[in-house]
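I opened the model to look up a few side chains and the helices around them. My entries follow, in the order I made them.

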Amino acid sequence: MVETLFPHLRWEQLWAATQETLYMTALSGAATFALGIVLGLALFLTARGGLYQHRALYSAISLVVNVFRSIPFIILIVLLIPFTKSLVGTILGANAALPALIVGAAPFYARLVEIALREVDKGVIEATRSMGARPATLIFRVLLPESSPALVSGITVTLIALVSYSAMAGVIGAGGLGNLAYLEGFQRNHNDVTLVATVTILLIVFIIQFCGDVITSLFDKR
């Protein structure tokens with residue numbers, strides 16, 4: 001019955017493509033989370049009224065974030081080909097997609113981090129500072145814990161975007177479900193392969209969203 005409905009689909013190929021998509025999403029997601037937190041904190045702390053208020057530094061970081069956040073991902077992949085080749089040694093495969101995925105997603109998440117930090121109760125921040133707390137204490141004991149629901153919600157949205165980015169990267173040889181849908185599905189006119197690859201991507205997105213919602217609710221103290 002299954003072979004009749006999906007005559008061109010090779011399940012081992014689907015599983016391999018799914019693993020590549022999960023690999024790209026997980027590694028780039030972890031790097032994006034770390035880099036986004038750093039950039040978001042830098043934006044928040046150097047902004048007007050921040051702990052390290054510095055107009056020029058804030059403007060410089062903000063400009064970099066805005067530029068890379070605004071470049072369409074498919075164009076960003078092409079622009080980063082020389083950098084990717086020098087770093088990874090190739091422009092094909094799952095590893096070759098990681099630099100573009102991280103560079104494309106980290107600025108996006110950094111803005112979400114900045115917004116989350118701005119929503120922290122200013123009274124709590126001022127109270128902590130008035131007690132002589134060190135900057136590290138303020139960051140790790142107040143800012144990040146208090147904004148954790150929004151940070152988790154933000155990384156959930158970012159991970160979903162990374163799944164979409166990985167599918168686009170697959171079209172130009174990065175592997176994964178996007179590559180499977182394009183090469184084995186679209187180019188060979190195997191609509192069953194395209195359909196299954198698309199449904200698999202949707203399932204991954206739904207699972208990420210569900211897990212993100214659950215974790216967010218656990219961190220939310222309201």
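**Entry 1. Glu114**

I started with what Glu114 touches. Leaving out residues up to four places away in sequence, Glu114 is in contact with Gly40, Leu43, Phe44 and Tyr58. I count a contact when heavy atoms come within 4.5 Å. Glu114 sits in helix α6. The helices here are DSSP runs of H or I with at least four residues, strands are runs of E with at least two, and numbering starts at the N terminus.

This is a predicted model, so I kept its limits in view: local features need pLDDT of at least 70, side-chain atom pairs count only at pLDDT 80 or more, and totals for chains, interfaces and linings use all residues. Residues are numbered from 1 along each chain as its sequence is written, and side-chain values use heavy atoms, with hydrogens and water left out.

Is Glu114 buried or exposed? Glu114 is buried, at a relative accessible area of 5%. My cut-offs: buried is under 20% relative accessible area, exposed is over 50%, and partly exposed is in between (1.4 Å probe, protein chains only).

Next I looked up the polar contacts of its side chain. Glu114 pairs with the side chain of Tyr58 at 3.1 Å. The side chain of Arg118 makes a polar contact with that of Glu114 at 2.9 Å. A polar contact is a pair of N or O atoms within 3.5 Å; within protein, one must be able to donate a hydrogen and the other to accept it, and residues adjacent in sequence count only if both atoms are side-chain atoms.

**Entry 2. Arg111**

Which side chain does Glu114 meet at 2.6 Å? That partner is Arg111, again by a polar contact between side chains. Arg111 is also found in helix α6. Arg111 is buried, with a relative accessible area of 11%. Its side chain makes a further polar contact, 3.0 Å, with the side chain of Asn66.

I then listed what Arg111 touches, not counting residues up to four places away in sequence: Leu43, Tyr58, Ser62, Val65, Asn66 and Arg69. Tyr58 turns up in the Glu114 list and in the Arg111 list.

**Entry 3. Leu112**

I checked Leu112, which lies in helix α6. Leu112 is partly exposed, at 26% relative accessible area. With neighbours within four places in sequence set aside, Leu112 is in contact with Gly154 and Thr158.

**Entry 4. Helix α3**

I turned to α3, residues 55-70. The helix has 16 residues and reaches 22 Å from its first C-alpha to its last, close to the 22 Å expected at 1.5 Å a residue. The expected span is 1.5 Å times one less than the number of residues.

Which residues of α3 are buried? They are Ile61, Ser62 and Val65. Seen down the axis of α3, these buried residues fall within an arc of 100°, so they line one face of the helix. The arc is that of the directions from the helix axis to the C-beta atoms. The face turned away from the buried side carries the exposed residues Arg55, Ala56, Leu63 and Ser70. The cover over the buried residues of α3 includes α2 (11-46) and α6 (94-118).

**Entry 5. Aromatic pairs**

I searched the whole structure and noted two aromatic pairs. The rings of Phe73 and Tyr165 have centres 4.5 Å apart and planes at 5°, so this pair is stacked. Phe73 lies in α4 (residues 73-79) and Tyr165 in α9 (residues 148-171), so the pair ties together parts 92 residues apart in sequence. Rings of Phe, Tyr and Trp (its six-membered ring) pair if their centres lie within 6.5 Å; planes under 30 degrees apart count as stacked, over 60 as edge-to-face and the rest as tilted. Phe73 counts as buried, at 6% relative accessibility.

**Entry 6. Whole chain and record**

I closed with the chain. It has eleven helices and zero strands. Buried residues make up 42% of its 222 residues. The C-alpha trace spans about 70 × 40 × 25 Å along its principal axes.

The unreviewed UniProt entry lists "transmembrane region" for residues 22-45, 57-81, 87-110, 150-175 and 195-219. UniProt positions are in the numbering used here, feature names are shortened, and annotations may be inferred rather than shown by experiment. In the model, residues 195-219 are 100% helix and 0% strand, with end C-alpha atoms 36 Å apart. Residues 150-175 are 85% helix and 0% strand, with end C-alpha atoms 32 Å apart.
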